[in-house]
Amino acid sequence: MKSTRTRVLVAVVLLAAATVLVVAGAGLFGPISDGSSPPGTDGTDDRTDEPSTTDTVGYVEGYWHDDELPVDDRDDAALSEDELEAVVYRSMARVEEIRGLTFEEDVDVEVVSREEYRAESDDLFVDVTDDERLQQNVNYEALFVVDRATDAEDEFESLYGGAVDGYYDPGEEEVVLVSDSPDAPETDEIVLGHELLHALQDQQFDLSQYDRETIDQSAAKNGLIEGDAVWVETEYERLCRAEWSCVRSERSAAGSSDLNWGLYLIVYQPYADGPDYVEYLREQDDGWDAVNAAYDDPPASSADVIRPSEDREPVDVDVPDRSSDDWEQLEVDGETATETVGEVGMVAMFAADAFDSDRSAVIEREAFVTDGVGYEYDQPQTDGWAGDRLVTYVSADVDPTNESAGAIDRTGYVWHSEWETDEDAATFRDAYLELLAAHDAEAVDDRPNAFEIDDGYPGAYYVDRDDRSVTIVRAPSVDDLEGVDAVAASDEHASVGLESDDGTGGVEGGSTSEASAADAIGGGGSSADSVVVAGAVVAGTGVAIVVRRRAVSDVDSNRKTVDDATRER
């Protein structure tokens with residue numbers, strides 16, 4: 001079966017409350033050294049007499065991790081080529097000192113202008129095929145994060161297409177800084193250190209080895225990779241405050257209110273939970289050795305990163321094809337188009353509306369935003385996740401390679417999920433019914449478990465629970481439901497409803513415990529504050545791994561501001 005393919009790009013992003021910003025510049029700075037002691041170093045008595053760049057932790061090309069440089073005392077962070085070279089080497093040494101590993105070779109640092117970066121980033125979003133685009137749109141519409149009138153590709157490009165401060169490119173094995181002043185780029189040493197950590201990971205563990213074919217796989221692998229990087233970055237920043245002299249840039253970003261919160265919450269999760277996942281590994285008596293070993297046995301799902309102490313192996317979910325001759329499974333590159341959204345996708349689906357003042361949320365803001373500065377992805381509506389698979393269907397008379405602009409209106413999907421217990425399945429089912437109600441769904445008369453939505457996410461929906469399994473079928477119309485999946489014609493299970501007679505919500509034909517999860521849609525929505533208050537800045541430089549799913553990149557940011565407070569790990 002076919003899931004959209006990926007390409008890895010590790011990037012640094014500066015996030016505003018709803019818009020991602022860019023900095024730019026040009027020139028190639030390959031580290032060069034004649035082996036002599038660099039100017040401005042302070043020297044210490046306890047250093048190795050004959051240090052080696054490849055063998056001595058905390059020493060790179062004549063620079064020690066605790067050396068001081070003339071640029072440390074400057075008021076600005078605009079560095080010349082020679083100054084940048086020194087900062088790069090010292091930063092490499094500092095990353096080694098924290099991480100306990102050595103670089104195997106130099107890391108080139110290239111600086112490109114804003115215009116050059118934009119031209120290159122535009123290329124990242126033009127190679128998606130029509131059938132891949134169709135699958136993406138169905139996947140994210142199924143999560144209620146990209147509506148029918150919006151293209152998922154465009155939403156991702158808007159999210160971070162102009163947001164990059166720098167990135168590590170495993171293919172080229174280089175760090176690229178994007179700057180507004182190419183001749184003397186503004187450099188933030190902590191951001192540089194984060195990207196150099198990705199270069200170190202690549203040299204030691206080969207970042208290209210990991211499958212990222214699904215939303216869940218991407219979040220799982222990024223939980224380790226970015227969790228490691230954010231942990232190191234946090235310690236780097238602490239040492240800059242307590243012991244080291246560091247080069248820092250002073251910048252701020254303008255706020256906006258345009259952020260696609262559903263997509264953002266998906267790509268942010270590894271940065272929220274990854275550092276705790278890494279810390280959990282470190283506490284298992286092996287320290288960094290346990291983290292290093294995890295690169296040979298990375299997390300299997302986003303659930304592993306959300307709750308690292310629980311050892312759950314995702315189940316292999318089978319979605320049998322029960323469609324009629326009028327419908328067929330979409331194929332991408334000759335294989336069935338499938339997706340696993342994982343717990344991360346489901347949490348984003350239920351929590352995104354918490355940042356929309358015009359809509360009620362299944363997971364309310366108070367339950368999701370923790371202490372005003374973070375997000376809680378461990379939620380009762382999804383914590384029993386055991387596995388899921390979503391299969392895209394198209395009408396047999398649709399050619400997605402020629403009619404992609406209109407093909408979305410003749411698509412459907414079957415989304416099957418498995419849960420740890422019957423109660424977990426019922427809780428998810430009831431939460432999903434809340435979501436449908438929040439989007440003005442109405443029950444279909446004389447059609448058990450069927451609902452219709454007219455606007456935004458139009459179509460007919462069939463929702464059914466069978467013990468630990470939940471099946472959701474969506475089709476263009478009620479009449480098409482059983483054509484997409486014959487199970488939608490079945491009425492053997494108890495029917496469920498969106499609201500009880502008094503309008504407070506409830507589950508018809510279900511048990512009292514099941515009904516309790518489908519009470520009135522809670523809360524009056526959330527303020528339109530982005531992650532902070534409206535117009536405020538998502539402060540701090542976010543560091544992200546951009547996981548391109550062929551043409552769509554999943555960008556994660558490592559720090560952001562919530563309720564006027566900057567999240568510092």
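**Reading helices and ring pairs**

Me: How many of the residues of helix α13 are buried?

Reply: A residue counts as buried under 20% relative accessible area, as exposed over 50% and as partly exposed in between, with a 1.4 Å probe and protein chains only; helix α13 is mostly covered, with 14 of its 17 residues buried. This is a predicted model, in which local features need pLDDT of at least 70 and side-chain atom pairs pLDDT 80 or more, while totals for chains, interfaces and linings use all residues. Residues are numbered from 1 along each chain as its sequence is written, and side-chain values use heavy atoms, without hydrogens and water.

Me: Why is the pair of Y140 and F156 called edge-to-face?

Reply: Rings of Phe, Tyr and Trp (its six-membered ring) pair if their centres lie within 6.5 Å, and planes under 30 degrees apart are stacked, over 60 edge-to-face and the rest tilted. The count here is 22 aromatic pairs. The planes of Y140 and F156 stand at 75 degrees, with ring centres 5.4 Å apart, so this pair is edge-to-face. Because Y140 belongs to helix α3 and F156 to helix α4, the pair ties together parts 16 residues apart in sequence. Both Y140 and F156 are buried.

Conventions
Helices (H or I, at least four residues) and strands (E, at least two) are DSSP runs, numbered from the N terminus.
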